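This report concerns the salt bridges of the structure shown below. The residues that take part are described in turn.

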Amino acid sequence: MNYVAILNGEERDVEITELSPDLFRVEFDGKSFEVDAKSLSESTLSIIVGNRAYHVESETSMDGSQNVLVRGSLLNVEVLDL
């Protein structure tokens, strides 16, 4: 699936392909990543990219975008379907 992601005000084209349950190929900025993503709760994901693990927490902000906390960094993300 193709998306436009607005990350802290910067627009990026993103393509996500499901390879198997919980395993995805994510492509953006000319790079491709295999991402193992598991939902731990409604607002928490466990993500593995390469040999790095990430604990991702998110909440919906008043404007409908997502505030995402990853390794101590807070990002504002809005994802639009194409």
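## Lysine 38 and aspartate 36

Lysine 38 is partly exposed, with a relative accessible area of 38%; the term partly exposed lies between buried (under 20% relative accessible area) and exposed (over 50%), with a 1.4 Å probe and protein chains only. Its side chain meets that of aspartate 36 in a salt bridge, at 3.0 Å from N to O. Aspartate 36 is likewise partly exposed, at 25% relative accessibility. A salt bridge here is a side-chain nitrogen of Lys or Arg within 4 Å of a carboxyl oxygen of Asp or Glu.

## Basis of the model

The model is predicted: local features need pLDDT of at least 70, side-chain atom pairs count only at pLDDT 80 or more, and totals for chains, interfaces and linings use all residues. Residues are numbered from 1 along each chain as its sequence is written, and side-chain values use heavy atoms, with hydrogens and water left out.

## The other salt bridges

In total, the structure holds 4 salt bridges. One of them joins arginine 25 to glutamate 27, with the closest N and O atoms 3.2 Å apart. Arginine 25 is partly exposed at 30% relative accessibility, and glutamate 27 is partly exposed at 29%.

Arginine 12 and aspartate 29 also form a salt bridge through their side chains, at 2.5 Å from N to O. This pair links distant parts of the chain, 17 residues apart: arginine 12 lies in strand 2 (residues 10–20), and aspartate 29 in the loop between strand 3 (23–28) and strand 4 (31–41). Strands are DSSP runs (E, at least two residues), numbered from the N terminus. Arginine 12 is partly exposed at 22% relative accessibility. A network of salt bridges links Glu10, Arg12 and Asp29.

Conventions: Helices (H or I, at least four residues) and strands (E, at least two) are DSSP runs, numbered from the N terminus.
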